[in-house]
Amino acid sequence: MMSNLPQSLSSNAPPYGSGGTPTNPTGAPANIDRKTMHSAELYVLDLSNPERRENALLELSKRELFQDLAPLLWNSFGTIAALLQEIVSIYPVLSPPSLNPAQSNRVCNALALLQCVASHPDTRMLFLNAHIPLYLYPFLNTTNKSRPFEYLRLTSLGVIGALVKVDDTEVISFLLSTEIIPLCLRTMEMGSELSKTVATFIVQKILLDNVGLDYICTTAERFFAVGRVLANMVAEQPSSRLLKHIVRCYLRLSENLTCVRARDALRNCLPDSLRDGTFASFLREDPVTGKWHHQLLVNIGAAPRVPFPNGAGFDHMLVN
């Protein structure tokens, strides 16, 4: 991220992209349309100019402008510092809450670019090793439910979601060394339906990694904190999309084989609405979630005879 010329892009990018595609010195694929690439480069340079930054953030956040934007952002002089400056500048309006829509939109555009960097295979670990996710945690720690704050939480969750989307134990281990679990649980309790869905997805991806499952189930406090929040969301009659993530989280908790007490506790705290026919119509319409749900009941020893969408029973799926 260093350059001898303040108004030129760094030449420190690798000569090949993640797929072995030849790149130019900015890190962009050589076959990208030159006009499009030049336009993106100019906007990236504008990020270092406070007077032009707002428009550059707006244009670059429309990521269809440039398909391989992340290496360009990471390897250009001062760009990541400029994005972090945008984030830090919002901290004073978080408490007491005075964030207005214009401020929220601007910082969300900066967060969209960081999500781009977090998503790209060439920049993901660089992004993580720089501990950039920690700059987003103050946004996830807010409780104000106004639209500017909700957009800020949702976009911040999108950055974390981009990190966990690709299964990588190193990413999970880093996040577990931070406060990501309680921050996600807070959003799952008080966020909008969409924020709850993204936060639950993040917890699900953490649980699907063995390191994450062991972390959650190691102490009763962590286990019951997750279980309580999941149960509360079930009681609120969640959308089908959110319910799918909730069921997957419960199933993964039931797969913990290292602690019998955790499985026994799950049997006792699983909401009744996941045992009876409350969500039967949804489970019939979504066979994948239906199988997850039934396997969950099998794992905790509470599996009823539930009809499968094609008319067959679930009995053939029972495991000893």
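Guide: Here is a short chat about this model.

Visitor: What am I looking at?
Guide: This is a predicted model; local features need pLDDT of at least 70, side-chain atom pairs count only at pLDDT 80 or more, and totals for chains, interfaces and linings use all residues. Residues are numbered from 1 along each chain as its sequence is written, and side-chain values use heavy atoms, with hydrogens and water left out.

Visitor: How many helices and strands does the protein chain have?
Guide: There are 17 helices and zero strands in the protein chain. Helices (H or I, at least four residues) and strands (E, at least two) are DSSP runs, numbered from the N terminus.

Visitor: What does the pLDDT average over the protein chain?
Guide: The average is 84, and 81% of the residues score at least 70. pLDDT is the predictor's confidence in each residue, from 0 to 100.

Visitor: Where does pLDDT stay under 50?
Guide: Residues 305-320 are one such stretch, with 22 contacts beyond four places in sequence. Contact means heavy atoms within 4.5 Å.

Visitor: Okay, what percentage of the protein chain is buried?
Guide: Buried residues are 51% of the 320. Buried means under 20% relative accessible area, exposed over 50%, partly exposed in between (1.4 Å probe, protein chains only).

Visitor: Which residues touch the most other members in the largest nonpolar core?
Guide: Phe 127, Ile 180, Leu 230, Tyr 250 and Leu 253 do, in a core of 90 residues. H5 gives the most to this core, with nine residues. A nonpolar core is a set of buried Ala, Val, Leu, Ile, Met, Phe, Trp, Tyr and Cys residues joined through side-chain atoms within 4.5 Å.

Visitor: What is Leu 230 in contact with?
Guide: Leaving aside neighbours within four places in sequence, Leu 230 is in contact with Met 188, Ile 246, Cys 249, Tyr 250 and Leu 253. Leu 230 is one of the buried residues in H13, which also include Phe 223, Val 226 and Val 234.

Visitor: What comes just after H13?
Guide: Gln 237, with a positive phi of about 55°. Gln 237 sits in the loop between helix H13 (220-235) and helix H14 (240-254). Most residues other than glycine have a negative phi.

Visitor: Where is His 131?
Guide: His 131 is in the loop between helix H6 (124-129) and helix H7 (137-140). Its phi is positive too, near 60°. His 131 counts as partly exposed because its relative accessibility is 40%.

Visitor: Switching topic, which residues does a cis peptide bond join?
Guide: Ser 95 and Pro 96, with omega about -5°. Pro 96 is in the loop between helix H4 (79-88) and helix H5 (101-119).

Visitor: Is Ser 104 buried or exposed?
Guide: Ser 104 counts as buried, because its relative accessibility is 1%. Ser 104 belongs to helix H5. Beyond neighbours within four places in sequence, Ser 104 is in contact with Leu 99, Pro 148, Tyr 151 and Leu 152.

Visitor: Last one: how many residues of H8 are buried?
Guide: 15 of the 19 residues in H8 are buried. Helix H8 covers residues 147-165 and reaches 26 Å from its first C-alpha to its last, close to the 27 Å expected. That expected span is 1.5 Å times one less than the number of residues.
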